[in-house]
Every structure is written in C-alpha cells, then in structure tokens.
Amino acid sequence: MLLLAACDSNYKFLYIDVGAPEKSSDSTTFKNSTLYKLLKTNKIKLPPPKTLSDKRSEKIPYFLIGDEGFGLCQFLLRPFGGKYLSVGKKVFNYRLTRARRYIECSFGILSNKWRILHRALNVEESLAENIIKTCCLLHNFVRDRDGFTFEDTIAISGLIDDTTVDNSQPGNATKCVRTELIDFFMKEGQVSGQMEKI
C-alpha cells in the first residue's frame with residue numbers, strides 16, 4: 001500500500017492519498033488521486049502566477065515538485081532525466097532536489113515518530129489505511145505542538161519504479177517554466193555552493 005503526500009515547508013502534510021497498490025508507479029498513483037483531478041479541473045485554485053524577481057517580467061505559475069517517478073504536467077515539475085545534461089539543467093535538478101527534501105524529511109519524521117510504520121502492517125487493508133491516515137493526522141498535530149529536531153528529518157529513501165514522462169500534458173507552458181527557472185537559477189536566483197554540488 002502506497003502513501004502519496006504533499007507537504008509544506010513546515011513538514012506538515014497538506015494532502016495524503018493512502019491505499020494505492022504497492023506495484024503502482026508514482027505517476028499512476030498521482031494521476032488516480034483526487035488531488036490530480038481537482039488540480040486538473042481547477043477546483044483547487046493555486047495562487048496566481050508571480051514573477052521570480054523585480055528584474056523579470058515573466059510570471060511563473062505555482063507548481064508541485066515531484067521526483068523522477070512522476071510525469072510532467074502543467075502543475076507538477078520533475079527533474080530532467082539523463083546523465084549528459086547542460087550545466088543549467090544540472091542546477092535546475094539540484095534546486096528541485098533541495099525543494100523536494102521537505103517531503104522526504106516529512107516522511108522521515110512521520111516514520112521515526114510512529115515506529116509502527118517501520119514494519120509491515122499485518123492487518124486488513126482498511127485498518128492499515130486507517131492506521132496510516134491516523135499517523136499522518138497525529139504527525140501534523142505533534143508538528144504544530146512540539147516542532148522537530150534535525151534527527152527527525154532524516155528521511156528513508158524510497159525506490160523509484162517508473163520514469164515515464166507524460167508528454168501529452170506539459171505543452172509549451174511547462175517547457176517555458178523550466179527555461180525561466182533555469183535562467184533565474186543561473187543568474188540572480190543563484191545560491192552559494194550550487195555549482196559545487198552539480
């Protein structure tokens with residue numbers, strides 16, 4: 001059973017979807033989720049697009065960040081695939097990975113706080129779903145109440161079992177967003193040490 005989740009920068013879950021079969025890919029699980037359907041039909045309104053800095057006129061829409069297991073679509077960006085990438089694409093991947101750490105750390109905090117998640121749940125599927133949902137709810141409650149320590153944020157790496165890119169969705173808009181982000185990351189949006197990390 002898989003847990004698909006979205007979190008904020010405080011390591012709190014904003015959305016969870018529990019119950020997809022273990023053999024489902026991240027991309028398939030996301031496309032079957034209510035979050036995807038609500039975003040696709042504009043029933044969840046993301047904030048309006050904004051410029052990245054005062055020096056830029058191009059407005060960038062808000063988006064979710066996924067790993068290589070997700071397909072591109074207009075509201076989700078993932079890293080570029082392949083080994084032989086330009087410097088700009090490597091920086092883009094590095095910066096997306098830095099942002100994606102929030103969800104990885106959220107999963108680490110969740111599993112370290114609720115040790116029942118360190119092993120297989122040998123219960124009926126419906127009870128397992130309820131246990132996972134309850135742990136996520138309690139995670140947010142405890143996160144508000146107690147905060148976290150650095151050790152809590154050490155995430156357990158997941159396995160990526162699908163690297164399919166959905167080319168039917170992104171269109172020119174996603175390509176323009178990626179291009180604008182690369183340009184921003186290489187110029188005024190550059191962070192110290194990013195060139196050493198790629």
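**Cavity, pocket and salt bridges**

Tutor: The residues S27, F30, K31, Y36, F70, G71 and C73 line the largest cavity. The model is predicted, with local features needing pLDDT of at least 70 and side-chain atom pairs pLDDT 80 or more, whereas totals for chains, interfaces and linings use all residues. Residues are numbered from 1 along each chain as its sequence is written, and side-chain values use heavy atoms, without hydrogens or water.

Student: What makes a space a cavity and not a pocket?

Tutor: On a 1 Å grid over the protein atoms alone, a cavity is a set of points where a 1.4 Å probe fits but cannot get out, whereas a pocket is an open set with protein on both sides within 12 Å along at least five of seven lines; a lining residue has an atom within 4 Å of a point. The structure holds one cavity of 30 Å³ or more, and the volume of the largest cavity is about 30 Å³ (the space filled by probe spheres set on the grid points, which are joined across faces, edges and corners).

Student: Which helix gives the most to the lining of the largest cavity, and how does that lining divide by class?

Tutor: Helix α1, residues 26-31, gives the most, with three residues. The lining has four nonpolar, two polar and one charged residues; Ala, Val, Leu, Ile, Met, Phe, Trp, Tyr, Cys and Pro count as nonpolar, Asp, Glu, Lys and Arg as charged, and the others, Gly among them, as polar.

Student: What lines the second largest pocket?

Tutor: That pocket, with about 270 Å³ of space, is lined by 18 residues, and L46, P61, Y62, Q74 and F75 lie nearest its centre. The elements giving two or more residues to this lining are α2 (34-40) and α5 (171-186), and α5 gives the most, with three residues. By class, the lining divides into 13 nonpolar, three polar and two charged residues.

Student: How do you know how many helices and strands the protein chain has?

Tutor: Helices are DSSP runs of H or I with at least four residues and strands are runs of E with at least two, numbered from the N terminus; the protein chain comes to six helices and six strands.

Student: Why is the contact between E180 and R56 called a salt bridge?

Tutor: A salt bridge needs a side-chain nitrogen of Lys or Arg within 4 Å of a carboxyl oxygen of Asp or Glu. The closest N and O atoms of E180 and R56 are 2.9 Å apart, and therefore the pair counts. This pair links helix α5, where E180 lies, with the loop between β3 and β4 (59-60), where R56 lies, 124 residues apart.

Student: Why is R56 called buried?

Tutor: Buried means under 20% relative accessible area, exposed over 50%, and partly exposed in between, with a 1.4 Å probe and protein chains only. R56 is at 12% and therefore counts as buried, and E180, at 15%, is buried too.

Student: What are the closest N and O distances from R56 to D183 and to E188?

Tutor: R56 and D183 are bridged at 3.0 Å, whereas R56 and E188 are bridged at 2.6 Å. E188 lies in the loop between α5 and α6 (194-197), so its pair with R56 ties together parts that are 132 residues apart in sequence. D183 has a relative accessible area of 28% and is partly exposed, and E188, at 31%, is partly exposed. Salt bridges that share partners join R56, E180, D183, K187 and E188 into one network.
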